[in-house]
Amino acid sequence: MIDPSWVAGLGVFLFCIGLWGAFTRKNAIIVLMSIELILNAVNLNFIAGAAQHGDATGWVYTAFAIAIAAAEVAIGLAIFLAMYSQHETISLDEVKLLKH
Amino acid sequence: MEASELAILIPVLPILAMPVILFLGQLFNGNAKWKGFWKEGGTIATAVMAIVFLLSLWLIVGHVSAFSEGNGDDVVTDVGNWVSYQLFTEHGDMKVQELGFGMQLDHVSVMLLFVASFLCLLICIFSLGYMNTDEVNENRNHRFYGEFVLFCAGMFGMVLADNFLWLFIFWEIMGLCSYLLIGFYYERPSASYAAKKAFLTTRVGDIFLFVGLLIMHAEFGSWDFAVVFNAANIGAADAGLIKAMLLLMFIGAVGKSAQFPLHVWLPDAMEGPTPVSALIHAATMVNAGLYLVARMFPFFAAPAMAGELGDVALLIAMIGGITAFMAAAIAFVQKDIKKVLAYSTMSQLAYIFTGLGAALWFVNNGHDELAFFAFGASMFHLFNHAMAKGMLFMASGSVIHEMHHAHHHLEQSEDGHDEDDDHHFDAQDMDNMGGLASRMPITAIAMAAGSASIIGIPLIGGFWSKEGIVGSAWKAVMYDGGGLFIIPAILVLLTAGMTGFYMSRMWFMTFAGKPKTEVAANVEETTPFIPIPLVTLTFMTLGGILFAGLNFAGWLGENSTHLSLSHAPSHLWHEITHAFLALGSDGQMDPFILIITWTTILLSMVIGPFYAMSLYGGKLAKGQKAHWSIAWIITLSGRIHSTYKFDNSIWAESGLSTALRNRLYFDQWYDSLMLKIVVPFSYAAAWFDRRIIDGVIKGIETGSQEASRNIRSLTTGSARDYIMMAALGTLALFLLIWGVA
Amino acid sequence: MSENSSKKAIFEREFSIVATLVVGAGALLLSFPLFFEEAVGEIDWITIPMVAFPILASIILLALASQQPRGMKENMAFPVKAASLGFSLFILAISSALFFGWLGSIDWTTLKINEYNMNHEYTWINSLGISWHVGLDGLSFPMLWLTTLIIPITMITTWEENSGWYHHPLLLLMEGALIGVFVALDLFMFYVFWELTLIPMFFLILKWGGKDRRYAAQKFFLYTFTASVIMLLGIVTLYFLQDPSQYLIDRGVLTGRTFSMIDMTNNAQMAANDGSVWLGESMQNALFLMLMLGFLVKLPAVPFHTWLPDAHVQAPTSGSMVLAGVMLKMGAYGMFRLPLTLFPHALAEYQYLLLAIGMISLVYGSIVCLGQTNLKRMVAYSSVSHMGIVILGIASMQPLGFAGAIFMMFAHGIISPMLFSVCGSFKHHYHTLEIGSTRGLAKASPFLGGYMMFSWMASLGLPLLAGFVAEITVLVAVWMTFGWWVLLPALVLVITAGYYLWSMQRTIFEGSGDVVLPEGMAAEDARDLSPWENIGNLLMALLIVLFGVLPWIIWDMMSAYANAHFYFNMGGLLNLVAGGA
Amino acid sequence: MTSHVDEGSQAVWQQLFSDSQTLSALMPEFVMLMGIIALIVVPNLGKAMIRLPLTKIRIPWFFGGQRFKTTSDPRIPAIISIATLLIATILALASLMGNATRWILYSGESTEMIVLLKVDGFARVFEILFFGALMLAAVATVSRMPASKPSKNLSVKALINNRRQVDFHILLLMSGLGMAIVALAQDLFMLFLGLELASLAIYVLVAFHKESKAGTEGGVKYFIVGATASAIGLYGMSLLYIWHGNLQISSHVFSADSGVIVIQGLDRAFENADSLAYIALGMMLVGFGFKVSAVPFHFAAPDAYSGASSPIAGVLATASKAMGFIGLMRVLLLISLPEGDGSAAWLICLATLSVITMTWGNLAALGSDNPKRMLAYSSVAHAGYMMAALTAVGAWRWGHISAPEEAATWVVTAIMFHLVVLVTFKLGAFLVLALLELDGGASRSGSLSGLARRDPVIAASMFIFMMALAGVPPLAGFMSKFMLIAGIVNVAAGDAGSLMSSGGITAFWDLHWVWWLALAVFINSAISLFYYLRIGVIMFFEEAESDRRKPLPRAWFLRLAIWSCALGTFAFGVAGDHLIILCNNAAESFFALS
């Protein structure tokens, strides 16, 4: 069995990538993907924790987290679509009507 | 009913009359009957003044007779409590203190009360003629009478007050009325300016008096004469502070009595109507300072202060001497008849200060008898001067009034008259007068009597007191080690001669010679009411000899003596021998004082008038006749004028003369002090307030707006930036937690 | 046209009925205790309607009037004004009845410290220990009376000048709030009313002010609010420094503490009696400074004064009158009520700081006055200067100084409204406030000139007018404590005279017989005061004379308060001050 | 914090779905659920029939087909939603009055139990807050997004509005349910679930006006940043899970059928926290910090507020923020307060955050011309005030003072009170803006100009709201700010008060430094007054813009909501006693453990 800390370590890695992606990428879809990466890191952590503590709730948490991530994507894409229909772009840098 | 029970009415009646007059005046302004019978309030004012005079007379007679019967005492009437409070003393306990109003009657206050009420009444009558016949004053005479009665109330209150606080309160009320009345013709810039100047200058003095009173309160815990003059209390007080207190109070007196260096307001105060000048700026208010200094007597007399307060006395005499000399010198060159009188007032008041200084000096050094003499002489001079000067001003008012009328008359008769001319003609300028003796006999006689009194022509009013003052000053030098007293002594001696000159000059320029203008030739003495006070006061002035006979000066000097008619002839003899032969109290002739006496008489009676005659005298125009009583003077002056011709052009064109015409530049200095220093400083302060203090507040405002802009510019609008900021914030959070945990 | 006027007539009738009903009902309710005192027993609660009714009445009037259709509102100005005035007069009647002892047979001069007449308490927000606690003593009653005097006079004076229909109700609201401040014995309540006064004043300035009224209104509100929140922090801290009491906790007070000034004062006094320093020295000092900041800004004292000139210059006459007449007194009142009563040691500690602030306010304020070119601004700075005297009186730490300071509050409270009313009339009739833009106005407007002269004279401390008593008593106390420092205030008396006389010379005097009007003003437009203004000014002038000639009318209770205060709170400090003079 | 077994407590332990008691305990939530279902079902009721297979019998199925006219009326969803929220509020209030604490458990295995929900006063008060705020929003929306009676000649806009009714109200109810779960949750993950449920609904609500550029943009930004923040928060939770093994907020001991069961919650574990735990804590702070819009996680908030319709913005500023504060309080006050001597580890960190937050918010609002953004920034500032109060509890010098719980309880009371009354004036202010939006927009301060003339009552209400926000007495905003300050000072004074009985002496510097936070709050509220006053000045001073001089539309529902807010603002200010007591009881139940 893989040591849970490796799993968690992968999680840290994914988290960093996700966070980095979230504020470096302009394309909204990619930002959304980056956020998904963070959520995946969360899942890995829960799994690692569950394995480490021998606790079933971690698995349950993971299942819920996946569901949440899915819902989030759905909503995100819907909002992006609405944005696209208004702004005709999904680049976050070009949507700057509201500022200051 | 005791007179003292009604005494409270003396100040209160006029105070109540003021709103009545003002209210009715505002109500009936322009009404014919109001102008006619009511004289725009003048009738009410006169009635009130008459009542007050009768009340005062009652009071005075009661006082004098009580003393004559040997059971007299200073009457102190407690009228009521004003405010009460508690004081916290150094010993850690509290004491209840009450400030009440009460009235005190002693010889000095009785004398001043008489002077005030008598002159107030006379001048009020004078005003009926003077004010109500001048159309400049039409429809606003009620203001004059309202302020006039208020002033009278202030004077009576000040004289009667039994404590220094109320003295001060009424003192200030007089100041206010002085301001209001000088500024009666408020539309004239010069009057408005003069009023402000008078108020401010006297107020400078007043605050020193005020601080002095604060010290008095701290030292005695009270302002009541009864407490303050108690020798034991004075003994318990701190000598240094008492000295400071007296000095401060003296500064107040200097301001009020227009002494050097706070004298600048008095000449300008002549902007007011002439009755005002007569009443306030000659006869009554300016005496307030003297009264105050006279009231300081017990401090100098207190055993605990013996020898301690000589400096103060010397200073008082010194200021007196300087002012006397300076004012007389300035009076030499004045053309305005009222200005001459104003400077004369200053000069004469200064005499009294010198006399008082000597009296205080004596009493402080333990020479009570000399002190009482000097004190009595000073107070007597106050009396004489008030009577004479009040009359002189009224007489000058008469001249001015008639000049004005004549001018007006001429103007109307001349067709196509240029209206601007009106402003060029100065009814007060003596260069426009001349030869009026025949056209205004009453005025001329009155003025001659008044001038004689002021000059100190022997046996006439002022002579008796002036001699005493000069003599006292020299005695202080001679017998009491007052080395520096030599300065005021010499100054007052010289001033005696100068007085002779400028008073004569004024009289001759006005009444002698030929009319210098057409206006002067057409003057008629017709205005009603004016002669009444002139005649009355002429007798009063000439009656100085009676007062001298009554030992009036002695009575004033020492509270224990009393007036007695039966001893009058012997007293008169006593006075005459003393005055002319310089007999001391022991009956021995004092040769030195004799010299001084006769020098004074010579200077004032002979040399001064002689020069004046030679320069300004002259016979009347042909066909004009003066009254016999003055005709000889004019004739004499014409002789001297034609015989002795002095070339005074060197003096007249010298720098000294220019300086005197410019009043020794005091006004310029004070003005430039105000305009170049105080006003710019205040503008700078206003700038500082707006730019710096408020600038900080505004800076905070603009700064926060700036900060707001900067902060909001961080909200770039890009979601990526938001996330980045959040991430950075997270990092910062970690670091913070790390640092602490 | 006819339809409109008939509408108007109907409306006026209806409105008059409603307004009469409102006033009548209030009057009836209030008169009940007046005439049936025995029937209702104690009348301790009398101040509560004095606070509540003006506020309610003004809200009702505002609500009634605001719901009228457009074009009708202006027609209502008269009945609304009349109702407001009627109400304020009634409040005046009650407070006067209290003063003269017609009501409840009150003796104002025998109160000890922390004893109150009309002491009444209702539970308000029990969980925080807040109650509606009212009471009056020799300090607060003069202020209450002043308020009830000044508000109707203000209404009368500005009857015509400000024609808006909600002007007078705002003044009524102001009156309620001000009375609330002065009667409150609960710190929370005190603070609530303290801030509530800002709102009507804000609107008065904003609605009827001058050109820069917007700036001035905001500055006024912000500045004083900022200072008072810091004061509030002090109050809250003080609150939590008290012992939680089990008794209160059992009664449902969650924190176990109250905001009662009486309790706090008692605690402070008990500590002072033991010779100890209540709350400790540094705590006293900190709290003292915090509370004082709020009050000094309100007063205002240099350097926290710059809101005042702006507010005054921009405010309408009524605003200025109430602001200068009563609102500034809130600051001084607060000082006496809180920091001076609770923290005598801190007062001793900061005596010289107060001296400095007072001196600077006084001297600097008067010098700045001299440099002003705007009449109202000058008068505003003169308020700063005069309030400096109040601080000096406090700093003197003498019973006489305290009493003098309180009298100064009262005297300035009747003098300064007159100053501002004159300025307001000046502005109203001549459309300018520039000193020097006119000459010889006394000719065109003799009443204006006369009142200006009178009020100026009153303000510069002429004897037998109200201000003099205050000045002399305070300065006596200052001499006794600080000695020669008194020369500075004395100097100010000259400067004060200087700027007042100078300003008169350049406005109502001179002109060489002609009236010089401001540019662009036709000669026939130069009018004198309206009857309303005349009446208002006359009333104030009478008051000024009354309290100048007979100061003991109100002085006695002030002096009694100061003495009681001094006996108690300064008891332990005697040795500290003894070395002062 | 301490978690001891309180044997004699009234607590009732219930397993999820074990009996009808659970149902009754969770009645408001079930009502919300029913409401959501009803909103889905009712508009879709129609003449749909199901034909039984092989027969010709058609059974009415009612779901689908040609819709009934009455049930498909576009005005129905609003009624359902308002009714649901109303009933839920009433039930929550009833439950609050019942005052029994119930714990809802989930039994994993026989020996392992997880406490999922806790029904107590704390949760109920917040639920009332949430439902109330949402109800006001729903009522306002009746006017803001009016549904029209179906007819042939409706405008396109009216048609769109009609079609959106169901969506809007479903989302509203869902967010309400999510918030309720947050209030109830006793497990961090459960809390997170509720949070996500609410957030996801709100993301959509923000972007609801998808035909406007601003709406979609605001939605996108809010979504992106929000999703990131909650992902970070969740990551923190997962770390915590790794560290501790469960996400229970507090520890419990209770007897079950199978014997005594001990749940070791995070509160116990934090006594010996290591850096991992602190990192996790920090990350959770980010997640909740976004919800309460604390600086620097607030950036999307102004954009979202100005993009969203005003009632929704109001919900964001009140209910959503309250939700974030529940999280913060749970994490900070229940989990990570130390027991021994000393202050909380996050004390300085949070103090810094709070001061920066309030100052930043106020300064930014100072120059903002858009009233909605201004209110957004002011909402940031208000978050700062509340965080300052929270921070103060961390200064709680354990062992030094005799009655620490009271101080902490007081702070929680103050925060709850503040959040509750915030609904009245913050939401009220947004509702006024909503009214202006009906009249052509509210995105410039000029939109408010001349409001006093156009509609004095609304202007007066707005002024009341502004003054309440600034904290001017006697309005609710003053009361709440006053209580926050009182909380801070109470903690700072500590036991200083009780020393006084013996005439004791305290040096000023003995006050804990959190006292200065109170000063910061006050100075900030003074700054804030500037921009609140400016709104008043604009309304009462400036002339209305030339094209906006007519009276405001008669949106009665919206006005009703505004008036009730104004009334509440005033009433809670002068007579907030009952609410304070309510909040205080709730706060006590927040700390009560058993």
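Biologist: Where does Pro303(C) lie in chain C?

Modeller: Pro303(C) lies in the loop between helix 12 (281–298) and helix 13 (307–314) of chain C, where helices (H or I, at least four residues) and strands (E, at least two) are DSSP runs numbered from the N terminus. Before we go on, note that this is a predicted model, in which local features need pLDDT of at least 70 and side-chain atom pairs count only at pLDDT 80 or more, while totals for chains, interfaces and linings use all residues. Residues are numbered from 1 along each chain as its sequence is written, and chains are lettered from A and ligands numbered from 1 in the order in which they are written.

Biologist: What is the peptide bond from Val302(C) to Pro303(C)?

Modeller: Most residues other than glycine have a negative phi, and most peptide bonds are trans. The bond from Val302(C) to Pro303(C), however, is cis, with omega near 5°. The bond from Pro473(D) to Pro474(D) is cis, with omega near 5°, and Pro474(D) is placed in the loop between helix 16 (456–470) and helix 17 (476–493) of chain D.

Biologist: Which phi does Glu40(B) have, and is Glu40(B) buried or exposed?

Modeller: Glu40(B) is not a glycine, yet its phi is positive, about 55°, and this residue sits in the loop between helix 3 (32–36) and helix 4 (42–68) of chain B. A residue is buried if 20 or more other C-beta atoms lie within 10 Å of its own, exposed if 12 or fewer, and partly exposed in between, with C-beta atoms placed from the backbone. Glu40(B) has 29 other C-beta atoms within 10 Å, so it is buried. Phe529(B), not a glycine either, has a positive phi of about 70° and is found in the loop between helix 23 (518–521) and helix 24 (531–542) of chain B; with 19 other C-beta atoms within 10 Å, Phe529(B) is partly exposed.

Biologist: How many residues of chain B count as buried, as a percentage?

Modeller: Of the 741 residues of chain B, 59% count as buried, and its secondary structure comes to 33 helices and 2 strands.

Biologist: What span should helix 11 of chain D have?

Modeller: The expected span of a helix is 1.5 Å times one less than its number of residues. For the 26 residues of helix 11 (residues 310–335) of chain D this should give 38 Å, and the end C-alpha atoms are 36 Å apart, which agrees. Of its 26 residues, 26 are buried.

Biologist: In which sense do strand 1 and strand 2 of chain C pair?

Modeller: Two strands pair if DSSP finds at least two bridges between them. Strand 1 (residues 117–125) and strand 2 (residues 130–136) of chain C pair in the antiparallel sense over 6 bridges, and Ile125(C) has Ile130(C) as its bridge partner. The two strands form a hairpin with 4 residues between them, and Gly129(C) in the turn has a positive phi of about 75°.

Biologist: How many residues of chain A are in contact with chain D?

Modeller: Two residues are in contact if their C-beta atoms, placed from the backbone, lie within 7 Å. In this model, 37 residues of chain A are in contact with 34 residues of chain D, and the largest share of the side of chain A that touches chain D, 16 residues, comes from helix 3 of chain A. No contact joins chain A and chain C, whose closest C-alpha atoms lie 24 Å apart.
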